[in-house]
Amino acid sequence: MEHIVIIGNGIAGITAARHIRKLSNKKITIISAETDHFFSRTALMYVYMGHMRWRDIEPYESWFWEKNRLELKNAYVETVDTNNQTLYFKGGGSIIYDKLIIASGSVTNTFGWDGLELNGVQGLVSKQDLEKLETNAPNNKECPRAVIIGGGLIGVEMAEMLRTRDIEVTMLVREDGFWANVLPNQDAEMISRHIISHGVDLRHNTELDKILDDGKGNVRAVLTKNGEEIPCSVVGITTGVKPQISFLKNSKIETDRGILVNRLLETNIQNVYAIGDCAQQREPIGNRPPVEAVWYTGRMMGEALAQTISGKPFEYNPGNWFNSAKFFDIEYQTYGWVFSEERKKEYEVQFHWKCASDLRCVTISFHKNSNEFLGINTFGIRMRQEVFDTWLHEKRSVDYVIENLKQANFDPEFYKKYENEILREFLSLNKTAVS
């Protein structure tokens with residue numbers, strides 16, 4: 001019986017395993033050093049906040065694995081020997097594979113600052129990171145103040161988590177607005193104001209110089225590049241993630257930032273594949289980055305690869321870009337492409353509407369010559385992904401999209417609707433009739 005070995009039990013690896021099992025009777029072994037069972041990584045924050053228990057973020061019951069003949073091994077892969085199709089574990093032991101799927105995920109990205117080794121310095125990616133935060137910041141007596149380095153989605157999650165325990169939080173971000181390397185300035189500035197309204201000391205245009213020691217191996221403070229010393233007990237490193245591929249450094253598998261793969265998610269080595277956060281497309285797909293650390297793309301890669309492993313070669317094609325997140329009370333969705341100022345295309349025009357409450361806004365991008373709808377950011381208004389996906393495929397005009405925005409609204413029945421207000425402002429700014 002062909003033996004499929006999967007390194008990693010995140011969304012990519014488990015999706016691949018589930019779909020291979022649906023399509024075949026192959027032997028499947030899943031290896032992880034992080035946890036015994038798959039869990040919802042996006043729900044880690046809610047365990048710390050007390051909204052959920054650990055068992056609540058495990059989507060499958062413990063009997064699921066045996067019933068579906070998915071063998072689980074808790075171990076860390078130290079060496080991959082592709083010549084002999086063998087994995088060697090830290091602490092001893094090995095396993096032979098017929099086909100290998102690497103879905104090892106990502107780790108916190110750091111930039112060589114002094115003090116990274118100190119107690120109290122941590123990221124927020126793994127279960128172990130969550131356990132560290134529970135130890136480092138159990139309450140505001142043990143941890144009166146934390147400093148978070150970097151913005152983005154992990155940074156705002158950590159800030160919200162700490163604020164639920166009344167811990168003072170300072171965030172250092174390099175840009176003028178929160179996540180301004182991704183969001184247009186007006187969107188970023190609104191999110192900055194919202195984060196500040198939740199009691200976060202958000203410092204724009206501020207960078208870390210070094211992390212300071214208390215003389216006993218613990219964090220005492222951080223020093224910024226402008227010379228300010230900020231006392232703290234915890235330093236959260238949320239400056240992005242990078243593929244977890246250090247265990248491949250002596251293997252024959254080609255890597256760059258991540259493990260290099262083609263559209264079939266094949267590496268340069270026969271019978272070895274990579275999916276999820278650790279995979280890097282040799283040729284980027286459209287405007288997408290070659291490495292995508294996104295939950296749904298990991299799931300899609302797992303589904304696509306399962307077809308190939310089961311004898312039906314299937315190319316990974318994620319379709320139109322979309323994503324969602326939450327900034328404290330404001331839900332964010334994006335469909336298509338709405339670029340930040342630094343990444344904005346020459347042909348891209350953006351229309352921006354903001355509610356008087358400063359809690360809702362919409363930014364729509366379109367082509368300046370053809371008026372083709374290119375993408376939308378929504379904050380505080382829930383929209384339907386399938387509607388925007390259709391409009392993007394049909395290359396609808398921006399006028400059509402704004403005129404028919406009600407079709408996309410997903411807010412409950414008694415929520416206030418803003419489509420007419422958005423339409424009026426668009427007409428006022430563009431002084432054209434909507435066809």
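**Note on cores and salt bridges**

1. Glu2 is partly exposed, at a relative accessible area of 25% (buried is under 20%, exposed over 50%, partly exposed in between, with a 1.4 Å probe and protein chains only). The model is predicted, so local features need pLDDT of at least 70 and side-chain atom pairs count only at pLDDT 80 or more, while totals for chains, interfaces and linings use all residues. Residues are numbered from 1 along each chain as its sequence is written, and side-chain values use heavy atoms, without hydrogens and water.

2. Glu2 and Lys99 form a salt bridge at 2.6 Å, N to O (a side-chain nitrogen of Lys or Arg within 4 Å of a carboxyl oxygen of Asp or Glu). Lys99 is in strand β7 and Glu2 in the segment before β1, 97 residues apart (strands are DSSP runs of E, at least two residues; helices are runs of H or I, at least four; numbering starts at the N terminus). Lys99 is buried, at 14% relative accessibility.

3. The count of salt bridges is 21. In another of them, Arg193 pairs with Asp358, with the closest N and O atoms 2.8 Å apart. Arg193 lies in helix α6 and Asp358 in the loop between β23 and β24, so the pair ties together parts 165 residues apart in sequence.

4. The largest nonpolar core has 55 residues, and Leu87 and Leu100 are among those with the most contacts inside it (such a core is a set of buried Ala, Val, Leu, Ile, Met, Phe, Trp, Tyr and Cys residues joined through side-chain atoms within 4.5 Å). Helix α7 gives the largest share, 7 residues. A second, separate core has 41 residues, including Ile167 and Cys361.
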